[in-house]
Amino acid sequence: MSAAPSDRRYLDSHEWHRSEGELVTLGLSKFAIDELTDVTFVELPEVGKEVEAGQAIGEIESVKATSEIYTGVGGTIAEVNQAVQDDPGLINADPWEKGWLVKIEPNDPDDLEQLMTQEDYEKKYPSA
């Protein structure tokens, strides 16, 4: 299994967060996707919605389970990945890049620093 990218921060619930200029991109780790198996549906928040760190912001459904999607940063939803909503299988095919879920304009960029580094994530979840 390919290692989790080192340019991300992680929640215990397996969401990754990547800083991209003024925005933070959020997605699900390959570990989470492998656990869920084939993704069949994704519900994401509307652009403009205010979210808080630790809040559930959507749902992901697979043939195996339904799980909530959490954010580790508070702010405003700036963009939603329409390609993933149209074709949820994109998350299975490329969870680290094309399978991103939302982009958030953070209220406090320091929220990101509170999340696990890639090294911490792989120590806590060795099979990740």
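Trainee: Are F31 and Y125 buried or exposed?
Mentor: The model is predicted, and burial is therefore assigned from a cut-off, namely under 20% relative accessible area. F31 lies in helix α1, and Y125 lies in the segment after α4 (118–124). By that cut-off, both F31 and Y125 are buried.

Trainee: What is the geometry of the aromatic pair that F31 and Y125 form?
Mentor: The pair links distant parts of the chain, its members being 94 residues apart. The ring centres of F31 and Y125 are 5.9 Å apart, with 40° between the planes. Planes under 30 degrees apart would count as stacked and over 60 as edge-to-face, so a value between these limits falls in the remaining class. The pair of F31 and Y125 is accordingly tilted.

Trainee: Why is the pair of Y121 and Y125 classed as it is?
Mentor: Y121 is buried, as is Y125. Their ring centres are 5.4 Å apart and their planes stand at 50°, so the pair is tilted.

Trainee: Which residues do ring pairs link into a cluster?
Mentor: The count of aromatic pairs comes to 4. F31 and Y125 form one of these pairs. The cluster linked by ring pairs consists of Y10, F31, W96, Y121 and Y125.

Trainee: Over which ring does the charged end of R8 sit, and over which that of K103?
Mentor: For K103, the charged end is 4.9 Å from the centre of the ring of W100 and sits over that ring. For R8, the distance to the ring centre is 4.2 Å, and the ring is that of W16.

Trainee: What is the bridge partner of H17 in β3?
Mentor: The open sheet of 6 strands has the order β1-β2-β3-β9-β8-β5, with antiparallel pairing. Within this sheet, β2 (residues 15–20) and β3 pair over 6 bridges. The bridge partner of H17 is L26.

Trainee: Is H14 buried or exposed?
Mentor: H14 is located in the loop between β1 and β2, and its phi is positive, about 80°, although it is not a glycine. Its relative accessible area is 13%. Since buried means under 20%, the class follows from the cut-off. H14 is therefore buried.

Trainee: What is the relative accessible area of T37?
Mentor: T37 is found in the loop between α1 and β4. Its phi is near 70°, a positive value in a residue other than glycine. T37 is partly exposed, with a relative accessible area of 30%.

Technical notes. Residues are numbered from 1 along each chain as its sequence is written. This is a predicted model: local features need pLDDT of at least 70, side-chain atom pairs count only at pLDDT 80 or more; totals for chains, interfaces and linings use all residues. Side-chain values use heavy atoms; hydrogens and water are left out. Rings of Phe, Tyr and Trp (its six-membered ring) pair if their centres lie within 6.5 Å; planes under 30 degrees apart count as stacked, over 60 as edge-to-face and the rest as tilted. Helices (H or I, at least four residues) and strands (E, at least two) are DSSP runs, numbered from the N terminus. Buried means under 20% relative accessible area, exposed over 50%, partly exposed in between (1.4 Å probe, protein chains only). A charge sits over a ring if NZ of Lys or CZ of Arg is within 6 Å of the ring centre and within 35 degrees of the ring normal. Two strands pair if DSSP finds at least two bridges between them.
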